[in-house]
Amino acid sequence: MRGAALIAMILASSSASLPAEQPAPPADLVEFADRFDQAQLRKDGPALERMVADDLVFVTGEGKRLGKKEFIAGWTDPADRFDPITLVDRVVVPLGSNAGMVSAETVLSGMSGGKRFAGRFRFTDTFERVDGMWRVVHIQVTRIPQ
């Protein structure tokens, strides 16, 4: 009897510490995240202007904090060309009905200043629904050593 009580206590305490099941992300968040990634690769400045919040916090792979202007300029430089990308280990974390985070690993490659470049990194984009429209409010990039 004592053993059964001990097992019941262990099961009760371990189930209490299990993470709560995450709600499914809003379908329009995932669709917006996909469009945001494509706007970057297509160098679509007008789309990025609409999608990125004016008070964006952008933390680069070097740890610098920049804003919307610098983020968009980095993706729309006419001298740069980007290769198609594949997202690996993509994670979508809903933060209620009006916020969420999307994280993935990828290799970004292409041409810049007439030279080939390639870098592997993990990013996290944080989205917030503002006045009924999704906006990117925070971006964190971590370089992964080659």
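Which strands and helices are included in what covers the buried residues of α4? The legends below lead to the reply, view by view.

**View 1. The whole protein, from end to end.** This is a predicted model, in which local features need pLDDT of at least 70, side-chain atom pairs count only at pLDDT 80 or more, and totals for chains, interfaces and linings use all residues. Residues are numbered from 1 along each chain as its sequence is written, and side-chain values use heavy atoms, with hydrogens and water left out. The protein has four helices and seven strands; these are DSSP runs numbered from the N terminus, helices being H or I with at least four residues and strands E with at least two. Along the sequence they follow the pattern α-α-α-β-β-α-β-β-β-β-β. Of the 146 residues, 34% count as buried; buried means under 20% relative accessible area, exposed over 50%, and partly exposed in between, using a 1.4 Å probe and protein chains only. Among contacts (heavy atoms within 4.5 Å) with a separation of 6 or more, 54% come from residues 24 or more positions apart.

View 2. Helix α4 spans residues 68–76, and its buried residues are Lys68, Phe71, Ile72 and Trp75. They sit on the same side of α4, because they cover an arc of only 90° around the axis; the arc is that of the directions from the helix axis to the C-beta atoms. As background, an α-helix has 3.6 residues a turn, so residues three or four places apart point the same way. Here is the reply to the opening question: the cover over these buried residues includes α2 (27–41), α3 (45–51), β1 (52–59), β3 (81–82), β5 (99–112) and β7 (133–143).

**View 3. Strand β1 and its two partners.** Two strands pair if DSSP finds at least two bridges between them. On one side of the story, β1 and β7 run parallel and are joined by four bridges, with Val57 opposite His138 in β7. Strand β2 (residues 65–66) runs antiparallel to β1, and two bridges join them; here Val59 stands opposite Arg65. The hairpin of β1 and β2 has five residues between the strands, and in this hairpin Gly63 takes a positive phi near 90°.

**View 4. Phe58 and the residues it touches.** Phe58 belongs to strand β1 and is buried, with a relative accessible area of 13%. Leaving out residues up to four places away in sequence, Phe58 touches Lys64, Arg65, Leu66, Gly67, Phe71, Ile139 and Val141. Glu70 is twelve residues from Phe58 along the chain, and their C-alpha atoms are separated by 8.6 Å.

View 5. Rings of Phe, Tyr and Trp (its six-membered ring) pair if their centres lie within 6.5 Å; planes under 30 degrees apart count as stacked, over 60 as edge-to-face and the rest as tilted. By this rule there are eight aromatic pairs. One of them joins Phe36 and Phe127 edge-to-face, at 6.2 Å centre to centre and 85° between the planes. Phe36 lies in helix α2 and Phe127 in strand β6, so this pair ties together parts that are 91 residues apart in sequence. Phe36 is buried at a relative accessible area of 0%, and Phe127 is buried at 1%. Phe82 and Phe117 also form an edge-to-face pair, at 6.3 Å centre to centre and 85° between the planes. Because Phe82 lies in strand β3 and Phe117 in strand β6, the pair ties together parts 35 residues apart in sequence. Phe82 counts as buried at 13% relative accessibility, whereas Phe117 is partly exposed at 26%. Ring pairs link Phe32, Phe36, Phe58, Phe71, Trp75, Phe82, Phe117 and Phe127 into a cluster.

**View 6. Asp125, a buried charge.** Asp125 is in strand β6 (residues 115–130). Asp125 is buried yet has no salt bridge, and the nearest side chain of opposite charge, Arg90, is 7.4 Å away. Lys and Arg count as positive and Asp and Glu as negative, while His and the chain ends are not counted; a salt bridge is a side-chain nitrogen of Lys or Arg within 4 Å of a carboxyl oxygen of Asp or Glu. Beyond residues up to four places away in sequence, Asp125 touches Phe36, Asp37, Gly100, Met101, Val102, His138 and Ile139.
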